[in-house]
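Here is a short briefing on one protein model. Look at the structure first, then read the points below.

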Amino acid sequence: MKRMLSGIKPTGQLTLGNYIGALRNFVNYQDDYEMFVFVANLHCITEYQDPKDLSKNLTDAIALYLACGLDPKKATIFLQTDVHAHAELGYIMACNTYLGELSRMTQFKDKTAKGEKNMTAGLYTYPCLMAADILLYNANYVPVGEDQKQHVELTRDLAQRFNNKYGETFVVPEPLINKVGARIMSLSDPSKKMSKSDETNKGCIYLLDDLALARKKIMSAVTDSIGVIQLDKENQAGLYNLIEIASSLTNRPMQDIVDEFAGQGYGKLKGYVADVVCDTLGTIQNRYNEIIHSRQIEEVLSDGAKKASAIADNTLNTAKEKIGLEIKY
Ligand code: AQP
């Protein structure tokens, strides 16, 4: 069975974008791949997080993984810091990464261009940690949204560089990107990705949003004045995004939805999208409420840490030996 690894960083509450672009795919993959899914808590602290909020977001993320259908009997689910090898291999990767490579990473470039002050060294070097996250498990595939492809490409370069320098050590992973739903856009500004850190809160649907609020956000989503229901991503990005959301959640082709609503007003289509989203959120929230009040999270994390550590420690030890970091008696 081929191996697959992915993670989410809960810098806030998980979003519909996380669900469509990542989580629901993990659930589909867990039957066909040996899945490792982690909560990337180290990646959260490249920027300051309120400790209480962070801890709650991490707990909620694990509960949501389970509520969305990840099955601990099929997938290994763990918290990044429970497996110490991540930080250690992350440093080793940083010592094999060039400054130019990190300077070209989109997130760093965007923040620099915006003139952001007080950027941390972690924000610059996190792609090295991300490479370590993947390489520790010798993952063949990494399912990611469109925006994360660059990280897997860097990971491939680093794995190949390490293998060339020190001998075959790491599996070179491949990104796996879904065609529909790879990049869900903000409801208030469809030129931007739907993100947890949405400043206005209007453009982003959180998986734990009250259903009435989620409906309101969809009904007030920014569209256009063209007034025709069709698939024109360039000129009707907001409408396209809504259709893509509904298509992802129902597995209906986008054109099928267009055909059903063609000639009707945007309000009707928005109502349909809101129904579909609220159905999904309602199911997830019911399961979440059961899990968050049980001991399941503790058990899942303890089992996951044991299984993940056994594999990660083995890979880390091999890498350290190849580099010459070990003292032989
Ligand atoms: N809008 C999205 N559409 C499709 N996929 C998405 N993903 C995130 N947002 C969307 C996918 O979810 C996985 C985990 O991403 P992440 O939450 O760890 O990181 P991110 O993409 O940086 O998330 P945010 O919400 O944008 O975080 P902030 O606001 O903190 O910067 C990835 O596979 C990602 O592609």
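Helices (H or I, at least four residues) and strands (E, at least two) are DSSP runs, numbered from the N terminus. This is a predicted model: local features need pLDDT of at least 70, side-chain atom pairs count only at pLDDT 80 or more, and totals for chains, interfaces and linings use all residues. Residues are numbered from 1 along each chain as its sequence is written, and side-chain values use heavy atoms, without hydrogens and water.

**Cavity**
- The structure holds 1 cavity of 30 Å³ or more (a set of points on a 1 Å grid over the protein atoms alone where a 1.4 Å probe fits but cannot get out; lining residues have an atom within 4 Å of a point).
- The largest cavity has about 30 Å³ of space, the volume being that filled by probe spheres set on points joined across faces, edges and corners.
- Helix 1 (residues 16-29) gives the largest share of its lining, 5 residues.
- Residues lining the largest cavity include F26, Y29, P143 and N178.

**Strand 1**
- Strand 1 pairs with strand 2 (residues 34-39) in the parallel sense over 6 bridges (pairing needs at least two DSSP bridges).
- M4 stands opposite M35 in strand 2.

**K56**
- K56 lies in helix 3 (residues 51-67).
- Beyond its neighbours within four places in sequence, K56 is in contact (heavy atoms within 4.5 Å) with Q13 and Y288.

Notes: On a 1 Å grid over the protein atoms alone, a cavity is a set of points where a 1.4 Å probe fits but cannot get out, and a pocket is an open set with protein on both sides within 12 Å along at least five of seven lines; lining residues have an atom within 4 Å of a point.
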